[in-house]
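User: Could you walk me through a few local features of this model, with the cut-offs spelled out?

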Amino acid sequence: MKTIALVAHDGKKAELLEWVRAHADFFQDKQLVATGTTGRLLNEALNKDVMCLASGPLGGDQQIGALIAEQKIDWLVFFWDPLSSQPHDPDVKALIRLAVVWNIPVACNKATADFIVTSSLTGQNYQRTVPDFSQHNNRLA
Ligand SMILES: O=C(CO)COP(=O)(O)O
């Protein structure tokens, strides 16, 4: 089963919830993980068990980043708010960075999320290419 991580800043939570409700069927057979407040709201919106990590400012972004590095996340939806500053901005940047490092599909706005959710590649059999970091590991050893 695919695991999707969902995160939204306060100014973007309503937009994420509206988008998730519009695609409720898509999420029924997916495992969902989210930062604390986002997760609780998703729980109610989808009537589905969402794994709630810590709230973003308290380390939730970093927890999702760690799950990405452990290759436990297939897709990240992160509606971050470009019009407000966040006390944990370094964590936000780190999460997006790890999604890119591990070649995870990332949707940072509704338009991109629409593309991914309707893509034929998003079917159960799609496997992203996992980067080969063996040379990095050698270089760092
Ligand atoms: O701050 C967040 C992501 O950076 C989101 O955290 P919450 O879901 O706990 O509001």
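**Contacts and backbone angles**

Analyst: Happy to! Beyond its neighbours within four places in sequence, Gly 36 is in contact with Cys 52, Leu 53, Ala 54, Ser 55 and Gly 60, where contact means that C-beta atoms, placed from the backbone, lie within 7 Å. Residues are numbered from 1 along each chain as its sequence is written. This is a predicted model: local features need pLDDT of at least 70, side-chain atom pairs count only at pLDDT 80 or more, and totals for chains, interfaces and linings use all residues.

User: Is Gly 36 buried, partly exposed or exposed?

Analyst: A residue is buried with 20 or more other C-beta atoms within 10 Å of its own, exposed with 12 or fewer, and partly exposed in between. Gly 36 has 18 C-beta neighbours inside 10 Å, so it counts as partly exposed.

User: Is His 9 buried or exposed?

Analyst: Leaving aside neighbours within four places in sequence, His 9 is in contact with Phe 79, Trp 80, Asp 81, Ser 84 and Gln 86. Because 20 other C-beta atoms lie within 10 Å, His 9 is buried.

User: What is the phi of Asn 47?

Analyst: Most residues other than glycine have a negative phi. Asn 47 is exposed, with 9 other C-beta atoms within 10 Å. Although Asn 47 is not a glycine, its phi is positive, at about 50°.

User: And what value is the phi of Asn 103 near?

Analyst: Asn 103 is exposed, with 12 other C-beta atoms within 10 Å. Its phi is also positive in a residue other than glycine, near 55°.

Note on methods. Contact = placed C-beta atoms within 7 Å.
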